[in-house]
Amino acid sequence: MPKEHIAHYDLNALSESVKASGRGEVLILTPMAKFLPEYWQNLNKLTYPHNLISLGFIVPRTAEGDQALKQLEQAVKTAQSKPHKFKKITILRQDTESLGSQLEKDRHALAAQKERRSMMALARNSLLFTTIAPATTWVLWLDADIVETPTSLLEDMIMHDKPVLSCNVYQRYTENGEPAIRPYDFNNWVESEEGLRIASEMADDEIIVEGYSEIATYRALMAHFYNADENPSTLMELDGVGGGAVLVNADVHRDGAMFPSFPFYHLIETEGFAKMAKRLGYEVFGMPHYLVYHHNE
Ligand code: GDP
Ligand code: MN
């Protein structure tokens with residue numbers, strides 16, 4: 001048989017060469033319901049060598065998704081004709097259901113969470129399992145509405161060499177004409193006694209979603225730990241993560257940690273993923289003083 005029909009990968013040798021160079025291959029994965037030019041510009045400004053970065057997108061099969069796909073394809077074409085090309089770009093069209101309404105008030109209604117988050121979990125898994133490659137060292141989950149990060153995002157996160165590491169997602173807005181910031185993502189949290197008690201009294205198929213007053217868990221939310229005077233590279237241990245900007249050592253995914261679309265310890269999607277990583281023996285961290293910004297709708 002011609003030798004090009006067999007691809008050999010010595011995972012040990014691959015990880016040794018990454019250790020030696022300190023530069024692993026990164027796979028940036030983004031579920032994308034909307035294309036925001038600010039997301040794309042921010043992504044293209046990342047200083048990590050683009051020839052070590054592959055991108056993967058999954059776009060829903062909705063009218064909004066059609067629009068996003070067109071804009072994304074156009075942006076990709078332009079970027080890949082320039083010198084600092086990304087290594088590889090994969091665009092998937094979702095084959096599973098999406099939520100009918102993407103309006104913020106509908107998306108964020110508590111009643112919609114189980115269905116919405118479980119659809120998102122399927123989309124994330126499908127994106128992950130079709131794009132992860134033998135040479136992938138890191139997977140960065142970056143939502144399509146993260147419009148601003150430090151350009152050194154990858155270097156700043158990889159430096160910590162943690163199995164799972166989540167940024168603090170904030171949002172810019174104006175208050176009485178003055179620019180201000182506020183916490184956005186409440187899915188980065190530390191488990192509480194009350195959270196465990198609520199879970200212990202739930203039926204098998206029930207889930208807890210963080211950030212809703214209807215389910216008061218009293219968990220410590222990383223969003224509230226931000227302090228502008230503290231060192232941005234400070235870490236805190238977490239039990240749940242959101243999907244805004246999360247760096248995962250690819251081995252954590254290869255060991256089987258994915259996004260449960262079903263209640264896993266009464267958690268789903270990114271929060272369930274953190275739980276699964278922990279059950280596999282990995283530690284999960286967040287950077288409370290390291291901010292990335294969510295688009296303001
Ligand atoms: P929120 O920030 O918690 O309100 O969550 P979003 O609605 O922003 O969703 C998180 C990410 O998934 C964003 O990047 C969205 O563009 C994307 N997204 C939302 N809904 C879908 C969907 O049905 N399919 C896919 N593939 N992506 C989606
Ligand atoms: Mn969002």
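This report looks at the ligand site and the salt bridges of a predicted model.

## Ground rules

Because the model is predicted, local features need pLDDT of at least 70 and side-chain atom pairs count only at pLDDT 80 or more, while totals for chains, interfaces and linings use all residues. Residues are numbered from 1 along each chain as its sequence is written, chains are lettered from A and ligands numbered from 1 in the order in which they are written, and side-chain values use heavy atoms, with hydrogens and water left out.

## Around ligand 1

Ligand 1 has 18 residues around it, and Pro31, Gln94, Arg107, His108 and Asp145 come nearest (near means a heavy atom within 4 Å). By type, that shell splits into eight nonpolar, five polar and five charged residues (Ala, Val, Leu, Ile, Met, Phe, Trp, Tyr, Cys and Pro count as nonpolar, Asp, Glu, Lys and Arg as charged, and the others, Gly among them, as polar).

Now for the polar contacts (pairs of N or O atoms within 3.5 Å). Proline 31 puts a backbone N or O atom 2.7 Å from an oxygen atom of ligand 1. Arginine 116 has a polar side-chain atom 3.2 Å from a ligand 1 oxygen, and histidine 294 has one at 3.2 Å from an oxygen of ligand 1. Taken alone, ligand 1 exposes 570 Å², and the protein buries 90% of that (Shrake-Rupley method, 1.4 Å probe).

## Salt bridges

Side chains of opposite charge can pair when their charged atoms come close. The count here comes to 15 salt bridges (a side-chain nitrogen of Lys or Arg within 4 Å of a carboxyl oxygen of Asp or Glu).

Glutamate 210 pairs with arginine 219 at 2.9 Å, N to O, and both residues are buried (buried is under 20% relative accessible area, exposed over 50%, partly exposed in between, with a 1.4 Å probe and protein chains only). Glutamate 201 and arginine 197 also meet at 2.9 Å, N to O; here glutamate 201 is exposed at 58% and arginine 197 partly exposed at 38%. Aspartate 251 bridges to arginine 254, with the closest N and O atoms 3.2 Å apart.

Notes: A polar contact is a pair of N or O atoms within 3.5 Å; within protein, one must be able to donate a hydrogen and the other to accept it, and residues adjacent in sequence count only if both atoms are side-chain atoms.
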